Amino acid sequence: MGNDVLPKEVVQQFSDTLISNIAENKNFGDVMVVGGGVSGIQASLDLATAGFKVYMVEKGPSIGGHMAQLDKTFPTNDCSM
Amino acid sequence: MEYPDKFNQGISQNKAVHVYFSQAIPLVSYIDDSCLRLKEDKCDICSGVCKTGAIDFRQTPLKTDINVGAIILSSGITPFDPSVKEEYGYTKIDNVVTSMDYERLLSSTGPFEGEVKRISDKTNPKKIAWIQCVGSRRVTKGDNSYCSGVCCTYTQKQVILTKTHYEDAECTIFHNDIRSFGKDFERFFQRAEQLPGVEFIRSYASIEREIPESGNVIVRYATADDGVKREEFDMVVLSVGLNPPEAYKEISQKFGIELNSHGFSKSDSSNPIKTNRPGIFVSGAFQGPTDIPESVFSASGASSQIGELLDYRRGKLAKERVYPVERDVTGEEPKIGVFVCHCGANISSVVNVPSTVEYALTLPNVVYATEQIFSCATNSAREITDLAIEKGFNRVVIAACSPRTLEPLFQDTLREAGLNQYYLDMANIREHCSWVHAKQKDEATKKAHDIVRMSVARASRLEPLQEFDLSVNKTALVVGGGVAGMTCALSIAKQGHEVQLVEKAKDLGGMSRRLHTTLEGLDVQAHLDNLIQMVYQNPRIHVSHESTIKHVDGYIGNFTTTIETEGRTKEIKHGASVLAIGAQEYKPSEYLYGTNESVFTHMELGEEIARENDVVLDAEVLVMIQCVGSRNEERNYCSRVCCGHAVKNAIKLKKLNPEMRIYVLFRDVRTYGFREDSYREAMEMGVQFIRYTPEDPPVVEETKEGGKVVIRVIVSDPILGQRLELDADVLSLAAAVIPASTTPEIARMFKAALSVDEFFKEAHVKLKPVEFATDGVFLCGTAHYPKHIPETINQSYGAAGRALTLLSQDTVTTSGTVARINYKTCVGCQTCLPLCPYGAISYNSKKKVCVVNQILCKGCGNCASACPCHCANLLGYKPEQILTQIGAI
């Protein structure tokens, strides 16, 4: 990668400035998650907890996906919500 | 005007403008495409009556550019639509429904509030049939050739739920193989099968016709004993499979990723989360049909791989959540707000909710009570917060479900209101009341009153508790250097963390050292060599070979583990632990194994094929016996991988020696997912599959035929109805996958739970599939349950992803519900010491008292109940709090 040429601190500083500049002006995130079912929700939660800004895109009117339609789930009969 | 409600599968009606479902997030109304204004530019009533002017028909689609560093595609599945095939009668016959329709019928938020009713006449069906494999395992046009993998188990769940709804219901399931390949699936199947009035029939079944007068449905099927039969049912449920959504084609074009022949993501089995496009990852069912736990851990896995990519910018854009300052209410009189939840109809169909609210208002210290349809919905949680502020509550009682799942959510609503989160009590009027007393409504309501009264009594005595912030050591310990451990270690290390990898053997590789290929065609040894090389080359991974764990101390964020390597001990300090210790192969005592050298296990057979052993490659007849040591009384589980191994070896042998006659003696062929295609390929190549039952297992004996020793396998053929004698040159046994011998010892040291079959037990089957109940300890690979290599890889990245949610933090918060020992009254008797399952209590010999480490304490209360001088207390459950609660009965 390009990091070999410049000292690490310079690259870090440069990327920090770049990120904060863009972030102020534009819709700027770390990750986009396409689909808000159980998998998309888990991925978004993990990413956000681990320090990333996430945009989730869901085509339906609610997140939850097909799991939200299920009555109870195997094997504990927990409600799907 | 009303239109079919999409959320309820079109069984009930709704208006064009409506809330999608009562727990929807965001919980706002939306206008669907049945709107007259949108369709015909006709009506404008809603925008006129909307007081806030939220409806604006001039809106046009808005295009927004969003810049991101990585993308996860997790767009799920579409249930197979049986109306594409006339033979299923779906949409033509009212009382033929899909399993998704049936989920809505069972649900208390469904079209009939949890009552299963027939579409035709709204009566309860008594006799219900399920037809399995609808749309799956068929190569006919419009169907899918693969096995959807989830239908067998969801059908069993529906049968069990139906029987709890209607004790006298008669349930018949027409099935092909029963594919109970997942953890605890086998026992679940047995539970369903043993219910009275439930019959599993192994037969293809088809819908013949509807009886117009009754609306009943005639199902035609055939069994080996009785030939073709016709039977009448009140309702038929089609167990539909999982299809790739239509949108995948568009997604694949837009994102430039490749799809496989089935229309799912084209995956590389060495990393199913990766796509052909760097920076774009897939999780969940985009990889292929998967169940919920796999969708969850592949999501955590995708987040870990993104962490590898974007670690340099972690924390730069994310904002921390800020709660209001906590209000000190210790000097105030208790002011309790009570919220009674309908849980859709789960509670309110049995318990009289309004009367419970009225009753709550009569209780001491209760200043406010109200009912909510779903207390857990976003608007309800908001209402609790707002009312707590407005009315000045200092205690909250939620009369709803078990605290197990939702207590953290309600604690959060209290924090939002500026209250200490331990001022909450949950009165469980669902599991403890409405669900178990469905037929005694009056008594159930009385009991709900009792439960609420007890809860209010306890709440009035609650005290604020403090949680601790602990620093997090950024190193991870990974136990086990197989595919699981190495994959996980690499992903953690690539995100800037030191990893200590401990392996008990001399070399890395684990069980995969003995595997050569997978059904998907992965060269296992090449992949393994590559992994090992990456592990050794990574400066952050420190490998200890021939090492055993001797002792584990500490807690989440701050573990100290002692390992022994060639007689020398070493202490490792780490914040997270990942247990990836693998499994082992059962050594059969059956079928001449160990006495005849031409009898192998499937794994050995794979090795012999790779070694090009002539005895194997030149065999004229080769027999495989499935389920050796699994699915029996001793090991009541399916080893999951053996059917795939059998098919893989059979295809390989057929390619090397097309003349070889191969017989696979099986109970159910469990080639779930895309493996079904390989099963079909093996059959097409002439491999013969013969089913046997556990009551009549194959008999194997050594005998001489024409001067040479042969292995005679005798089995009943259910199709031909006669005993077959197969003289085999080679016999291969599908030996069970059993937990590694070190599992109980490792589990004990890390305070990790084991399940009935002695594999590691995860904290929650669906929601926490890669972590233990013990905080900071994670799991992956076959130590959790037998699984194929691509599944192990998914799960190992998943464990890394979950570990990173801990390791990326500087501090971690622990619960305030912990034990405390009053040092002034403790006599140092040490009764509590051996009772603590978490090793949280120690004896201070100088002061002669017992001391609780509040970080290790999990709040079980053993010490408090055993202490003879009442000086050990569990905070939040002190004697006065519990006694007040009991006194209120």
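Start in chain B with the open sheet of five strands, whose order is 24-23-22-28-39 with parallel pairing. Strands here are DSSP runs of E with at least two residues, helices are runs of H or I with at least four residues, and both are numbered from the N terminus. Two strands pair if DSSP finds at least two bridges between them. Select strand 24 (541-544) and strand 39 (777-779) of chain B: these are the edges, each with a single partner strand, so one side of each has no neighbour in the sheet. From one strand to the next, the twist averages 20°.

This is a predicted model, in which local features need pLDDT of at least 70, side-chain atom pairs count only at pLDDT 80 or more, and totals for chains, interfaces and linings use all residues. Residues are numbered from 1 along each chain as its sequence is written, chains are lettered from A and ligands numbered from 1 in the order in which they are written, and side-chain values use heavy atoms, with hydrogens and water left out.

Next, select strand 23 (residues 499-502) of chain B, which pairs with strand 24 of chain B in the parallel sense over four bridges. V499(B) has I541(B) in strand 24 of chain B as its bridge partner. Contact means heavy atoms within 4.5 Å.

Move to S269(B), in the loop between helix 6 (247-255) and strand 16 (280-282) of chain B. Is S269(B) buried or exposed? S269(B) counts as buried because its relative accessibility is 11%, where buried means under 20% relative accessible area, exposed over 50% and partly exposed in between (1.4 Å probe, protein chains only). Leaving out residues up to four places away in sequence, S269(B) touches T518(B), E520(B), L522(B), P790(B) and I793(B).

Another open sheet of five strands in chain B has the order 7-14-8-9-10, with parallel pairing. Its edges are strand 7 (96-98) and strand 10 (198-202) of chain B, each with a single partner strand.

Finish at I886(B), in helix 22 (residues 879-887) of chain B. I886(B) is partly exposed, with a relative accessible area of 47%.

Notes. Axes are lines fitted to C-alpha atoms, for helices over the stretch in contact, and angles run from 0 to 180 degrees between N-to-C directions.
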